[in-house]
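This report describes the overall fold of a single chain and then two local regions. The sequence and structure are shown first.

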Amino acid sequence: MRSITAYCQISEDACYVNGDVVAQKNEESPDSWFKQLYKDLAIEYPKFYKMDMLSQAGFLGSEFIKQTYPGLISSYAEDEVALLFANSESSADTDIRFKESYQDKGSPSPSLFVYTLPNIVLGELAIRNKFYGENMFAVLPKFAPDFFLQYGQIMFETGSKAVLAGWLGILEGKVEVSVFLIEQNKPDGLQFNKQNVIKCASPDDQA
Amino acid sequence: MDSLKEDLKKHIIEELNLEDLQVSDIDDDALLFSADGVGLDSIDALELIVLMEKFYGIQVTNPDEGKEAFLTINTMADYIEKKKS
């Protein structure tokens with residue numbers, strides 16, 4: 001039996017873990033919303049500041065899940081955790097900023113250029129956590145629970161013991177982020193089925 | 001020279017998104033690309049090349065020259081002074 005054992009949802013002004021609010025945006029803070037969340041985590045990972053918003057979204061979602069479930073890293077071997085992410089905007093948010101860097105500001109930014117692919121977030125998560133299992137980032141027309149169910153099943157059947165999955169909707173201020181952990185043979189959690197993937201991951205069904 | 005080094009540090013922090021660092025955290029002789037120093041990486045090296053042209057009008061086209069110039073804040077400032085004189 002496979003279950004969703006933890007999930008994190010981040011909207012434009014709130015962050016939820018397993019349905020409970022863990023942080024709300026402080027409109028008076030000089031920090032961006034994602035920087036506020038990074039500070040809330042109270043961790044030291046300076047590379048966070050260099051990431052684009054898509055990678056920051058995946059990073060924050062996974063870190064909030066890890067804080068809720070500290071055993072995530074130690075419970076599995078490096079190649080047993082698969083990564084399964086998707087969105088419908090690809091890396092357009094950073095693509096636009098990169099285009100502006102050379103069209104409006106005169107010089108193309110190398111640090112923006114390296115984030116002009118959506119699957120870079122998977123590399124960031126792999127580096128941070130030593131998740132060296134299978135990985136997939138799909139760009140879909142819209143949120144599709146069946147994609148997570150079917151591709152997740154393939155990942156489990158080909159040797160993965162856990163799947164960290166997520167929908168990372170980031171584009172020009174829009175924030176529709178969900179990250180969820182799927183595990184096998186765990187007594188707690190929500191059954192890994194279509195209804196619960198929608199509950200945990202659908203941007204239209206924030207907690 | 002000191003104000004050049006201060007400016008360099010400010011530009012590096014801003015352009016390379018080193019938001020956890022202050023100007024005072026970067027020693028003039030700290031190795032920029034060492035984990036024991038500032039801890040920059042290969043993408044940061046490209047950003048330094050862009051920064052040199054953007055703020056000081058200097059094109060770093062010789063990789064060996066860049067390697068020497070980007071060792072520390074001191075060597076960067078020396079390189080800028082040399083190129084401008």
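The sections below treat the basis of the model, the chain as a whole, a hairpin and a loop residue.

## Basis

This is a predicted model, in which local features need pLDDT of at least 70 and side-chain atom pairs count only at pLDDT 80 or more, whereas totals for chains, interfaces and linings use all residues. Residues are numbered from 1 along each chain as its sequence is written, and chains are lettered from A and ligands numbered from 1 in the order in which they are written.

## Overall fold

Chain A contains eight helices and eight strands, taken as DSSP runs numbered from the N terminus (helices H or I, at least four residues; strands E, at least two). Its C-alpha trace spans about 55 × 35 × 30 Å along the principal axes.

Of the 207 residues, 41% count as buried. A residue is buried if 20 or more other C-beta atoms, placed from the backbone, lie within 10 Å of its own, exposed if 12 or fewer, and partly exposed in between.

Strands β2(A) (residues 14-17) and β3(A) run antiparallel and are joined by four bridges; pairing requires at least two DSSP bridges. C15(A) has A23(A) as its bridge partner in β3(A). Two residues separate the strands of this hairpin, and N18(A) in the turn has a positive phi of about 50°. Strand β3(A) (residues 20-24) lies largely in the open, because zero of its five residues are buried.

## The loop residue L117(A)

L117(A) lies in the loop between α5 (110-113) and α6 (120-129) of chain A. With 16 other C-beta atoms within 10 Å, L117(A) is partly exposed. Its C-alpha atom is 7.2 Å from that of S90(A), 27 residues apart along the chain.
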